[in-house]
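Colleague: Could you take a close look at one part of this model for me? I would like to hear about the helix that contributes to the lining of the pocket, and about its neighbours.

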Amino acid sequence: DVEPGTYYADAFAWAEEVGIVDGIGDGKCAPEMLINREQMVTILYRFSGAEAVEFDLSGYTDADTISNFAVEAFRWAVAKGHIKGMSATILAPEDHASRAQAATIIARYMDLI
């Protein structure tokens, strides 16, 4: 469902080829769909090539709602300070990431802030 010739087609193909993205299932990538927080940290985690880290997410009341594919990425992102909770106890993994949140997460990852 990534249309050839779209401005993101080559980038998406590269990201899929190197294992940064793998779609949403059933052979679909849904490139126009809004991204949620767990998808975003998973993409960033895979892009970074980082090793898994042990980090206890149990202090977040919604840690059990993190999808299996994103648990390792969330542990890494929270441990490294790339993402913070929506509050001291809420990660909101399935909430959509706003542009402001995305910019902040990327800036933290790049150690700009």
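Modeller: Happy to! In this predicted model, α2 provides the largest share of the lining of the largest pocket, with 8 residues. Helix α2 spans residues 37-48, and α1 (9-17) and α4 (99-109) likewise each supply at least two lining residues. The pocket itself has a volume of about 1,200 Å³. Its lining counts 34 residues, and those nearest the centre are Phe12, Val21, Ile35, Met40 and Ile43. By class, that lining has 23 nonpolar, 6 polar and 5 charged residues.

Now to the helices that α2 packs against. With α4, the angle is about 25 degrees and the axes are 11 Å apart. An angle under 35 degrees counts as roughly parallel, so α2 and α4 are roughly parallel to each other. The crossing of α2 past α4 is right-handed. From α2, the contact uses Arg37, Met40, Leu44, Phe47 and Ser48, while α4 brings Gln101, Ala102, Ile105, Ile106 and Tyr109. These residues divide into 7 nonpolar, 2 polar and 1 charged.

Helix α3 (residues 71-80) meets α2 in another way: their axes come within 8 Å and cross at roughly 80 degrees. That makes α2 roughly perpendicular to α3.

Technical notes: Residues are numbered from 1 along each chain as its sequence is written. This is a predicted model: local features need pLDDT of at least 70, side-chain atom pairs count only at pLDDT 80 or more; totals for chains, interfaces and linings use all residues. Side-chain values use heavy atoms; hydrogens and water are left out. On a 1 Å grid over the protein atoms alone, a cavity is a set of points where a 1.4 Å probe fits but cannot get out, and a pocket is an open set with protein on both sides within 12 Å along at least five of seven lines; lining residues have an atom within 4 Å of a point. Grid points are joined across faces, edges and corners, and a volume is the space filled by probe spheres set on the points. Helices (H or I, at least four residues) and strands (E, at least two) are DSSP runs, numbered from the N terminus. Ala, Val, Leu, Ile, Met, Phe, Trp, Tyr, Cys and Pro count as nonpolar, Asp, Glu, Lys and Arg as charged, and the others, Gly among them, as polar. Axes are lines fitted to C-alpha atoms, for helices over the stretch in contact, and angles run from 0 to 180 degrees between N-to-C directions. Angles under 35 degrees count as roughly parallel, over 145 as roughly antiparallel, 65 to 115 as roughly perpendicular and the rest as oblique. A crossing is left-handed if the near helix is turned anticlockwise from the far one by less than a right angle, and right-handed if clockwise. Contact means heavy atoms within 4.5 Å.
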